[in-house]
Amino acid sequence: MYLRLDPAQGLRVSAPLFASDAQIRAFVESRLDWIKKAEKKAAGRSGRGAAPQRAYSKEELNAFRQRCRAAFDRWEPLVGRRASRVTLRSMKTRWGSCNAANGHVSINLRLIDMPDECLDYVVVHELCHLWEPNHGKAFWARVAAAYPDYARVRKSMR
Ligand SMILES: [Zn+2]
């Protein structure tokens, strides 16, 4: 068995299928010190005045997954590139990230609490990186072509 503190989902216990509830409870109780330390560490990571990372419910995560899917379906044809894989995860300093070499895009889970226009901007931004890895003139021209109002939304997110 092992424990993992997931910033989005809280404490996760991995246990074999045949473990009893009592065995699992005993295991978690034997690791209370570790859990306290891990929680303290996680709280420290979200520090520096940033709002603490809250836990997301399964329903919220599913709804956000659908919002993301709809956003990629909408913007991929307009940008002319497709993400080969989309990962939703908590990131401290960025709204999204992109690996232009393999087409993998990550979207920050914190966009759950933001309006659609912010998610749209981040999706367009990351898709445009599949054309242009850097933030040069050509990159911003592509962003503006797909999403003319991007400057206002970008400003609202800082
Ligand atoms: Zn960028």
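1. Helix 3, with 22 residues, reaches 31 Å from its first C-alpha to its last, close to the 32 Å expected at 1.5 Å a residue (the expected span being 1.5 Å times one less than the number of residues). Helices (H or I, at least four residues) and strands (E, at least two) are DSSP runs numbered from the N terminus. Gly-80 follows helix 3 and has a positive phi, near 85°.

2. This is a predicted model, in which local features need pLDDT of at least 70 and side-chain atom pairs count only at pLDDT 80 or more, while totals for chains, interfaces and linings use all residues. Residues are numbered from 1 along each chain as its sequence is written.

3. The buried residues of helix 3 are Cys-68, Ala-71, Trp-75 and Val-79, where buried means that 20 or more other C-beta atoms, placed from the backbone, lie within 10 Å of the residue's own. They pack against strand 3 (85–89), strand 5, helix 4 and helix 5.

4. Leaving aside residues up to four places away in sequence, Val-123 touches Ala-71, Phe-72 and Trp-75, a contact being a pair of C-beta atoms, placed from the backbone, within 7 Å.

Definitions and conventions
Two residues are in contact if their C-beta atoms, placed from the backbone, lie within 7 Å. A residue is buried if 20 or more other C-beta atoms lie within 10 Å of its own, exposed if 12 or fewer, and partly exposed in between; C-beta atoms are placed from the backbone.
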